Amino acid sequence: MFVYGTYRRISDPFCNNSLTNSLIRVIKHLDMHHNYILNRKSPSSSLPLLQWPYCLRRCSYCNFNKYISREDNDHIMTECIQRETETLLRLSQVSCITSVFFGGGTPSLAHPSTIAAVLQTVSRWARLSDKAEVTLEVNPTPVGKSKLEDYCRAGVNRFSIGVQSLQDEDLKILGRDHSSHQALQTVEEARRLCPGRVSVDVMFGRPKQSVESWENELSELLRVCDDHVSLYQLTLERGTRLFKQVLGGEVTVPAEDVTAEMYRCARRTLQQRGFLQYEVSNFARHKAASHHNTSYWKGRQYIGVGPGAHGRFVPLGEGGVHREARTQTLEPDVWIREVRQRGHGTRRRIQLGHLELLEEVLVMGLRMTDGINHEHWEMFSPHLGLREVFGTSREVQELLQSGQLILDDRGLRCSWDGLVLLDSMLPALLVELERQIGPSLQRDHHTDGSPH
């Protein structure tokens, strides 16, 4: 999977760190038929992700689209988030919301009344299901912990806690503003309020970290965590403070083979503790998998709201029939001005062709341990099934024979060992997809009577 950012968030849906760090993204998974053309007037269900762009300070490893707020403008942000949410909901013509996710930045800096107001806006323009998963990312500081109950009253029913590390020295190096004790207290309070619906984020590949210390730390975390764990791999991004420290020899980070062993160790440990891996970096027990993340990986449509947000949806409200890739304006001040002027801050919109859509379905779907089943693929590619596309390629056959990739009656997926090597397998799969789909697109193009 894809998000590679200041730290490599293996759980995010695109190889684009701005996707995870836009202000408030309403991610809506719109129920769809067939390929990239949506013929129904109103998509039946949707899944929003809402993200807050501001932080109190920038972590040493972070190069995401986030900002240090110079003033208290919560009321302005709330107003604009509501306005853009309304505009994009009307444009998408979604009728039911099945999940909402507040991310960041640091969304736990937002006042609980902001969360309540946005959820009310969502409810006014679409039905917010009684069973909807409403998640908020929380920075585990005393301030963040103190707001948890109010967030629940506002409508949040699931928390994602940015623990990152249980080593205080590591937290200082990373520039985090919480201690390990505060993180554990926050997890405990979140579990009290939302039992079975708390996720913890933890980072590996940190400076001076060893496989042994990581194994001990993970075991300690699993003694107190709830039923969902997301793994992050720290990567060095040019321009960050940590990058400069490593470049200058002030700080050292583990070698690639060491971080690879850390990941393998984590998978084994989590499996032994009853956590099922359902995606490259996400593990759950007791059926606690994240609904909103799963919607990404299944190629469903979503709407992004806020500075730098990304979205993928069909703008039915203006007569659109093709899915678009949409990007919102990055800078909060400019985004606010645009939302006030025209109801939204969409900076770029690109119509996705059939091949681009299938590429996203392939890349995201193979991040899941279940992979892509035949019925799901046929929703997007009704004329060429998985076997027709991938069953004859010599390069793909080598992956199948090696046991890294599986193509059978269930569909296409990575094996347990192959999932670790997904990035190295994708180029061959994408080349074959283009080779097989390209001619069919040309035939369709000629059949439609379009210019040759």
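These are my notebook entries on a predicted model of one protein chain.

**Ground rules.** I number residues from 1 along each chain as its sequence is written, and side-chain values use heavy atoms, with hydrogens and water left out. As the model is a prediction, local features need pLDDT of at least 70 and side-chain atom pairs count only at pLDDT 80 or more, while totals for chains, interfaces and linings use all residues.

**Whole chain.** I looked up the secondary structure and found 15 helices and 18 strands; helices (H or I, at least four residues) and strands (E, at least two) are DSSP runs, numbered from the N terminus. The protein chain has 452 residues, and buried ones make up 60% of them. Buried means under 20% relative accessible area, exposed over 50%, and partly exposed in between, with a 1.4 Å probe and protein chains only. Among contacts between residues at least 6 apart in sequence, 71% join residues at least 24 apart; a contact means heavy atoms within 4.5 Å.

**Helix α1 against α2.** I took helix α1 (residues 74–92) and helix α2 (residues 112–125) as a pair: their axes come within 9 Å and cross at roughly 20°. Axes are lines fitted to C-alpha atoms, for helices over the stretch in contact, and angles run from 0 to 180 degrees between N-to-C directions. The two helices are therefore roughly parallel to each other. Angles under 35 degrees count as roughly parallel, over 145 as roughly antiparallel, 65 to 115 as roughly perpendicular and the rest as oblique. The α1 contact residues are D74, T78, I81, Q82, T85, E86, L89 and R90, and those of α2 are T114, A117, V118, T121, V122, R124 and W125. I sorted the residues of this contact into six nonpolar, five polar and four charged. Here Ala, Val, Leu, Ile, Met, Phe, Trp, Tyr, Cys and Pro count as nonpolar, Asp, Glu, Lys and Arg as charged, and the others, Gly among them, as polar.

**Helix α1 against α10.** With helix α10 (residues 332–342), α1 packs at an angle of about 55°, the axes being 10 Å apart. That makes α1 oblique to α10. I find I76, M77, E79, C80, I81, R83 and E84 of α1 in contact with P332, W335, I336, V339, R340 and R342 of α10. The residues of this contact divide into eight nonpolar, no polar and five charged.

**Q328.** This residue is in strand β14 (residues 324–328). Q328 counts as buried, at 2% relative accessibility. Leaving out residues up to four places away in sequence, Q328 touches E84, L88, G304, G306, G308, A309, W335, G345, T346 and R347.

**Nonpolar cores.** The largest nonpolar core has 79 residues, of which F159, L231, W377 and F390 touch the most other members. A second, separate core of eight residues includes A284, Y296, Y302 and M368. Such a core is a set of buried Ala, Val, Leu, Ile, Met, Phe, Trp, Tyr and Cys residues joined through side-chain atoms within 4.5 Å.

**H374.** I located H374 in helix α12 (residues 374–380). H374 is buried, with a relative accessible area of 12%.

**Positive phi.** Q93, a residue other than glycine, has a positive phi near 60°. Q93 sits in the loop between α1 and β5 (96–104) and is partly exposed, with a relative accessible area of 26%. K287 is also not glycine, and its phi is positive, near 60°. K287 is in the loop between β11 (282–284) and α9 (291–297) and counts as exposed at 88% relative accessibility.
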